[in-house]
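Welcome! Take a moment to look over the sequence and the model, and then we will walk through a few of its parts.

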Amino acid sequence: MRRLNRKKTLNLMKELDAFPKVPESYVETSASGGTVSLIAFTTIAFLTVMEFMVYRDTWMKYEYEVDKDFTSKLRINIDITVAMRCQYVGADVLDLAETMVASADGLIYEPVVFDLSPQQKEWQRMLQLIQSRLQEEHSLQDVIFKSAFKSASTALPPREDNSLQSPDACRIHGHLYVNKVAGNFHITVGKAIPHPRGHAHLAALVSHESYNFSHRIDHLSFGELIPGIINPLDGTEKIASDHNQMFQYFITVVPTKLHTYKISAETHQFSVTERERVINHAAGSHGVSGIFMKYDISSLMVTVTEEHMPFWQFLVRLCGIIGGIFSTTGILHGFGRFVAEIIFCRFRLGSYRSTSVPHPDGDTSNHLPPITDNSTH
């Protein structure tokens, strides 16, 4: 009884089979068909591997919206070395609301040697090379976002040699919290002192001959500190050609939310424009010697999200590749055989016509003369 039910089930399944069947006697194998099949299978295997690599890869999606958060504080991460002694320079921030943030709120003044060690010079050279590549290939920024927290720290490595040279520079590093409005972070001569109408620097006791605002920006970023992210000014080095020289950096800060498969953080990207000039009041070039970083906060916020191809989409694309190659190669093979048959038929017809026999009256016949009994003797 069980076998009978199984037989009925199989018969029912056979009746439901809607796929066309070609009898084996109708199938003709050929060398050309085998060659086309080999090419088709090779192409399918190659495209399948390439499609799998695309499936494994991810891409970054950028979305823009208005930044409605104006009450929170903005963090500025600073690591700058100035070629002057620490007692001669001062750093602070003054924003559009006339609010001054002194460097004592989070910055550290550390006496160091301005010249880098061989290992530090190699680090700076590699960082500058990466910066030049980022300016040429903007898509590399996506790679940096994906590798955040996975790559090594981009901070300046410590000196590997014990230099006996006395410190001739000042490393100003740390972080400050400022209002989310446009402001000016600057490093100039003298320590900052509070003033009812703004702020001032006590520079009267410093001689002009000791002015030297050659500097190196090892790190400058806004927002949450994310290891592995390379910012536009990291690795920048400027050498002053005159004692009274002003270096200006005009920065546009864009709030950024970063969501990848590794991290989720709120940071800030920024673009920068540089300018430097010598202060000469007699020639009409007025100003104050120092390093000035004027930043402005963009009203737009960017959300960067890492996306991945869904598995069902990968399967659909894979089926399309396999079916499309089979159909295309079948059409091309059929068309090739059709053309070959036409060419070979004409060739055979021409060779057949070349065997015609002339009649005595001058006419030609495409048929061979009949065989008679006399011709056999």
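## A helix with a covered face

In helix H3, the residues Gln120, Trp123, Gln124, Leu127, Gln131 and Leu134 are buried (under 20% relative accessible area with a 1.4 Å probe and protein chains only; exposed means over 50%). Seen down the axis of H3, these buried residues fall within an arc of 95°, so they line one face of the helix. The arc is that of the directions from the helix axis to the C-beta atoms. On the face of H3 turned away from its buried side sit the exposed residues Pro118 and Glu136.

This is a predicted model, in which local features need pLDDT of at least 70, side-chain atom pairs count only at pLDDT 80 or more, and totals for chains, interfaces and linings use all residues. Residues are numbered from 1 along each chain as its sequence is written, and side-chain values use heavy atoms, leaving out hydrogens and water.

## A strand and its partners

Now turn to strand E10 (residues 215–223), where nine of its nine residues are buried. Helices (H or I, at least four residues) and strands (E, at least two) are DSSP runs, numbered from the N terminus.

E10 runs antiparallel to strand E2 (residues 73–82), joined by seven bridges; two strands pair if DSSP finds at least two bridges between them. Here Thr81 stands opposite Arg216 in E10. Three bridges join E10 to E11 (residues 236–238), also antiparallel, and Ile217 has Thr236 in E11 as its bridge partner. E10 is joined to strand E13 (residues 264–278) by two bridges, again antiparallel, with His268 in E13 as the bridge partner of Phe222.
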